[in-house]
Amino acid sequence: MDCSVSGYLEKRTTGELCGILNYCLRENNYNSYEYMILKILEILEQRLSLEDLSPAVARYLTRRLQKDKALKSE
């Protein structure tokens, strides 16, 4: 039995994952839940295309890419 966070998330329905993801992306929660967000996106990517996800996901991914780019240029 997989009792890890990953195992728990993989057992959730797509709707449940989207709900958790939307909570994690609210306001500034994304800093606190970065691991969860990335894991949920990894699972959802296997189930549906990223275009089917909410605009909040697109905003998060844009911020993350900008942050990664800024870190690389330092």
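**Exercise 1. Which pattern does the protein chain follow, read along the sequence?**

Solution. Before we start: this is a predicted model, where local features need pLDDT of at least 70, side-chain atom pairs count only at pLDDT 80 or more, and totals for chains, interfaces and linings use all residues. Numbering starts from 1 along each chain as its sequence is written, and side-chain values use heavy atoms, with hydrogens and water left out.

Step 1: find the elements, taking helices (H or I, at least four residues) and strands (E, at least two) as DSSP runs numbered from the N terminus. The protein chain has 5 helices and 0 strands.

Step 2: read them off in sequence, and you get α-α-α-α-α.

**Exercise 2. Work out which residues of H2 are buried and where they sit around the axis.**

Solution. Step 1: H2 covers residues 14-25, 12 residues in total, and reaches 16 Å from its first C-alpha to its last. That is close to the expected 16 Å, the expected span being 1.5 Å times one less than the number of residues.

Step 1: apply the burial cut-offs (buried under 20% relative accessible area, exposed over 50%, partly exposed in between; 1.4 Å probe, protein chains only). In H2, that picks out Leu17, Leu21, Cys24 and Leu25.

Step 2: these residues cover an arc of only 90 degrees around the axis, so they lie on the same side of H2. The arc is taken from the directions from the helix axis to the C-beta atoms.

Step 3: look for the cover, which includes helix H1 (5-11), helix H3 (29-32), H4 and helix H5 (55-73).

**Exercise 3. Find the residues that touch the most other members of the largest nonpolar core.**

Solution. Step 1: such a core is a set of buried Ala, Val, Leu, Ile, Met, Phe, Trp, Tyr and Cys residues joined through side-chain atoms within 4.5 Å.

Step 1: among its 15 residues, Leu21, Leu25, Ile37 and Leu41 come out on top. H2, H4 and H5 each supply at least two residues, and H4 gives the largest share, 5 residues.

Step 2: zoom in on Leu21. Leaving out residues up to four places away in sequence, Leu21 touches Ile37, Ile40, Leu41, Leu44 and Val57, a contact being heavy atoms within 4.5 Å.

**Exercise 4. Is Lys39 buried or exposed?**

Step 1: Lys39 counts as buried because its relative accessibility is 12%.

Step 2: check the neighbours. Lys39 touches Ser6, Leu9 and Glu10, not counting residues up to four places away in sequence.
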